[in-house]
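I opened this entry to record what I looked up in the structure, sheet by sheet. The notes follow in the order in which I took them.

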Amino acid sequence: MDVVLDAVSTVEALLCLAVAVVLGRRWTQQRSPATASALGVFAVVALVIASSAVQPDDPTRGWGAVYTEVLVCVLVTLPYLLVRLTWALGGVSDRVHRAMAALLAGEVLVTLASPPLPPEGAPRPGWVLAYTVFVLAAWSAQSLVAAHGLWRAGRGESAVVRHRMRSLALGAVVMNLTLVLSSATAEASDVAAVSIALLGLVSIVLFALAFLVPPSLRLLWRQQDLTALSSAERGLMTATTRADVAATIVPVLASVLGGGAAALVGADGEVERAAGLSRAQAQALADRLRDRPQADDVQQVVPGVLAAALDGGWLVVQAGRLAPVFGDDEAVLLGRVATLVDLALQRVSLFEQECRSRRAAEAANDDLETLLHSVSHDLRSPLISVLGYLDVLRQEHGAQLTGAGPHYLERISVNAVYMQHLIADLLELSRIGRNEDPTTPLELQQVARQVVEAASLGAPAASLQVVGTLPPVLMGDVRARQLLTNLVDNAITHSGRDDVQVTVSASDAPDGGLLLHVCDDGVGVPAEYRERVLRVFERLGPPGSGSGTGMGLAICKRICEQVGGTLTLGGPPRGAATGTTVTAVLPPAVRISPVPAQRGTADSQELV
Amino acid sequence: MNAARVLLAEDDADHAFFTARAFRDAHGADVEMHTVRDGAEALDYLHQRGRYADAPRPHLIVLDLKMPKVDGLEVLAQIKGDEELRTIPTVVLSSSDRPQDVADSYDRHANSYVTKPASLTGLREGVAGLAKYWLDVATLPNGAAS
């Protein structure tokens, strides 16, 4: 029986010692009333447990009576120390704290003034009962005030701190229960004695838990905060501006770290975002940080305010009131968040840089197009005059030219006309994409038929046809017509023979888009030149040789790109020995009735 | 019958030459072309100032937009803001096809806007159309033309 009781008190003593060591170490780092009170609680419990070793044989007589009185005086400070801890953490008001201190003074005075207790077995006078009831009542009052205050002070704090506060509150209640039960059952059975001893142990464990949280329990308690944090962390990954990053993390940080206030301060000391702080308060904090060297770990700026250095700036948090006691948790959490914020800010900075370069590139491109447009436009005017005077010269003075004269005049004319076509094409190229309305449904079948009919007039020997059905598309009429006309004309012009066969057809693209094919069985384009002929000014024949200005395919490619597609050049169509297949690859967006994308086409072909 | 008088305001001497020639080709001898080189000259002509003190009132004005000193839009605005002049049909003949230029011209009550064709043949056909419509088909104030 005694063995069990001894074991229980040994465990209690060890636990108290461990917690006292932890608190002692914290006390050396930071002296605060809260740490002192907590240290006092455990010192008292440890002292009381240890005192049993020097317990006199008769606690009612001689030095034994003095021992008992001193022990009681020490013991009654315990609930008061709990109240004091609660007060230091802001859980009870100054007035309540003073009342409880007065109650303690009363207990000590009454204890010292009362005569020694009668020995065991002797009849107990009435005052003994009154004294016992007074002490128990005072203890209970203090314990309950402390428990209530601790519980309340934990509200709104981070989950770990909240649970720690509740653990302390429960410990106070259980310890009070233990005392009341042990007083009520002075002549208790063994079972009752062991039960009471175990209850005492529970209260000690609850107290200890508040200060020495096992990692697994800490993780469990923190779950709720971690959920809020990880959702904010996901937000950080998608933030695209510094303001986004700040808006995502600052309010969450303020609530998770318990103090209700947080701010993000930029490298220049400017407050970028504050939560729970007025602009002026936040700026005052930022000013304090301005000249502070940036260190790796979380620093305390002023009591209760923690700051984590970022790559440029600071993450500042008003820690909870309990930070002096439970500050490590908050510092670790803040450090972790600061790392993530740093990453997010780096990403944002890269993203912004990328946006800037893209805007610059777009602006340069726009400038170039404007230049191209105005230059080609201005070139047109003198050329009209050149052609005009050539005309006049030929009509009015042609007869006076002799020898090679008429030939030279002809060459001037051919070149001037060629230059006019070049300028017209350049102008067209620069126009694609300018002021083009979003498109209305267009009957592509009808457009293709008209294009083929028109082209047939210029190439009577060629066989031109539209094969199958072309679906309606969302494209500008002018551009679609220009695309098909250029492709068909190109096929005829470059075929190298008069009886070329040209077909226009359509098929579904694997991504749900549309493929427009213009195929010919002409001489074809050697594979090594296919990429090149799509560029501006690239031709396979010399200038003026009737092979065009070299811009037809570039214009077609530009039209396709304008709607989000592209243009590709391939080899002979199926069944032909020579020839070219030009394909306009148009995205799903141009289709009116969407065609589902064919998923895993390559795989299914492999299976077949 | 009096010859139809056309005031052509065009800073490019070559274009003025071809435009005037095209008018004559289309309308024959009974068209009288008066050419000025900039907007200020056009206004002097219309208000009969300086060396244009005796200039006859035109039946049709053909106006380029891009001109030195006073540009075509300003000239147009002044013509259409003047009680005396605003009844003279004024056609803008410009190489610009910018929608803004077109809108600005009609805002200032141009009677029509013609984009200068990019080739001489086109120019000749365009001017022939203009001459045919304004000098033959349409009835002009002050008993001009047909």
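I began with β3(A) and strand β4 (residues 305–310) of chain A, which pair in the antiparallel sense over 3 bridges; I count two strands as paired if DSSP finds at least two bridges between them. In this pair Gln300(A) stands opposite Leu306(A) in β4(A). For the element names I use DSSP runs, numbered from the N terminus, with helices being H or I over at least four residues and strands being E over at least two.

I note here that this is a predicted model, in which local features need pLDDT of at least 70 and side-chain atom pairs count only at pLDDT 80 or more, while totals for chains, interfaces and linings use all residues. Residues are numbered from 1 along each chain as its sequence is written, chains are lettered from A and ligands numbered from 1 in the order in which they are written, and side-chain values use heavy atoms, with hydrogens and water left out.

I then placed the pair in its sheet, an open one of 5 antiparallel strands in chain A with the order β2-β1-β5-β4-β3. Its edge strands, each pairing on one side only, are β2 (271–275) and β3 (299–302) of chain A. Neighbouring strands of this sheet are turned by 25° against each other on average, direction ignored; the axes are lines fitted to C-alpha atoms, for helices over the stretch in contact, and angles run from 0 to 180 degrees between N-to-C directions.

Which helices lie across these strands? Helix α9 (residues 242–256) of chain A lies across β1 (261–265), β2 and β5 (313–318) of chain A, at about 30° to β2(A). Helix α10 (residues 279–289) of chain A lies across β1, β2, β3, β4 and β5 of chain A and runs at about 125° to β2(A). Contact is taken as heavy atoms within 4.5 Å.

Strand β11(A) runs antiparallel to β12 (residues 580–586) of chain A and is joined to it by 5 bridges, with Leu569(A) opposite Val582(A) in β12(A).

An open sheet of 5 strands in chain B has parallel pairing and the order β2-β1-β3-β4-β5. The edge strands of this sheet are β2 (31–36) and β5 (112–115) of chain B, and the twist averages 20° from one strand to the next. Strand β4 (residues 90–94) of chain B pairs with β5(B) in the parallel sense over 4 bridges, and Val91(B) stands opposite Ser112(B) in β5(B).

Last, I noted the chain B totals. Of the 146 residues in chain B, 51% are buried, where buried means under 20% relative accessible area, exposed over 50%, and partly exposed in between (1.4 Å probe, protein chains only). Among contacts in chain B between residues at least 6 apart in sequence, 64% join residues at least 24 apart.
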